[in-house]
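Trainee: Could we go through this model together? I would like to begin with its charged pairs.
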Amino acid sequence: MARKSKSISYLTLLTFAAAVVAYVLNLGGFQDQVNAVTAKAKTETSGMQAGNNREVNSEGSTSSEGTDDKGRSSSVSTKGINTASLEVPGSKYDVVKHRYFALGYDEKHEQAAWVAYKLEAREIRGRAEREDDFRPDPFVTTESATPSDYSRSGYDRGHLAPAADFKFSKKAMSESFYMSNMSPQKPRFNRGIWKKLEEQVREWVKKDKAYYVVTGPVLSGSRYRKIGRKNKVSIPKYYYKILLNMEGKEAKAIAFLMENKDSQKPLSSFVVTIDRIEQMTGIDFFPNLPDQLESKLEGGTSIRQWDFDE
């Protein structure tokens, strides 16, 4: 009986040992599978990140070209974007819609805080002549400034939307002379660097087919010199002009901020971010753009895509 029991004990130990070896071998195989899956996941993740750094998609992912000094893209895809009334900003001002442009009127300062319109290449080749028919804007419910408010003030009735942008129609040209489209500008500024910027915009429109244009004075703050007897028209210290092009595969935008005085500096020296102008004015430009695209366009100051005639 003792020998039989001993044989059974050896058999039991051998069986147990075999089971342990099988378990260990199986565990090692499982671990190898885990390691393989983990390595594959890391490889796929790395590949996705690399792809995201290069790809430009319809939601405005970063482009490998055209970045500003902070690495942000100044051009993003225009695919699938609704451009209806894209030029009209979001603001607290009463919106007045004319046939060829819209504006947000600031009654406190008796001028528009912004004037917006879309300018197409075919429109700047018109033949409508300038008639200088300055007159109050009958569509401003609180009443606009009048031509006499500028008389003998030493300031030009400076166009925000320039008359030369509306040569395509006699009606459009006439609308550009509403006093709601005027702001008191120093003569050398209006006829100098400001005019130069307006001409540059038209050159870009010829090349790029169309632009959304938003222009206005900076009217933040409370202390302004004023002109006019009937209406007190504030004299802005700064003016801005913002351009957005959506005609190509990728959108691009640029903004200018200029002091109301004569300057011989190149136009490129006045380039700022749209974000900066929004902070100064409290106006939300191009609010109908997808948020990611809007952020990229409004945060950049790259001029690589812009050919200046300087």
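Mentor: This is a predicted model. In it, R130 and D132 form a salt bridge, with 2.4 Å between the closest N and O atoms.

Trainee: Is D132 buried, partly exposed or exposed?

Mentor: D132 has a relative accessibility of 41%, so this residue counts as partly exposed.

Trainee: How many salt bridges does the structure hold?

Mentor: The structure holds eleven. One of them joins E175 to K171, where the closest N and O atoms are 3.9 Å apart.

Trainee: How far apart are E175 and K171 in helix α2?

Mentor: They are four residues apart in α2, which spans residues 170–175, so about one helical turn separates them. An α-helix has 3.6 residues a turn, so residues three or four places apart point the same way. E175 is buried, at 4% relative accessibility, whereas K171 is partly exposed, at 42%.

Trainee: And which residue forms a salt bridge with K252?

Mentor: The partner is D208, with the closest N and O atoms 3.2 Å apart. K252 belongs to strand β11 and D208 to helix α4 (residues 193–208), so the pair ties together parts 44 residues apart in sequence. Both residues are buried.

Trainee: Changing topic, which residues of helix α5 are buried?

Mentor: In α5, residues 274–281, the buried ones are I274, I277, E278 and T281. Viewed down the helix axis, they fall within an arc of 105°, so they line one face of α5.

Trainee: What covers those buried residues?

Mentor: The covering elements include β10 (238–245), β11 (250–259), β12 (271–272) and α6 (291–298).

Trainee: Which residue follows α5?

Mentor: G282 follows, and its phi is positive, near 75°.

Methods: Residues numbered from 1 in each chain as written. Predicted model: local features only at pLDDT ≥ 70, side-chain atom pairs only at ≥ 80, totals over all residues. Heavy atoms only, no water. Buried < 20%, exposed > 50% of the residue type's maximum accessible area, 1.4 Å probe, protein only. Helix = DSSP H or I, 4+ residues; strand = E, 2+ residues; numbered from the N terminus. Arc of directions from axis to C-beta. Contact = heavy atoms within 4.5 Å. Salt bridge = Lys/Arg side-chain N within 4 Å of Asp/Glu carboxyl O.
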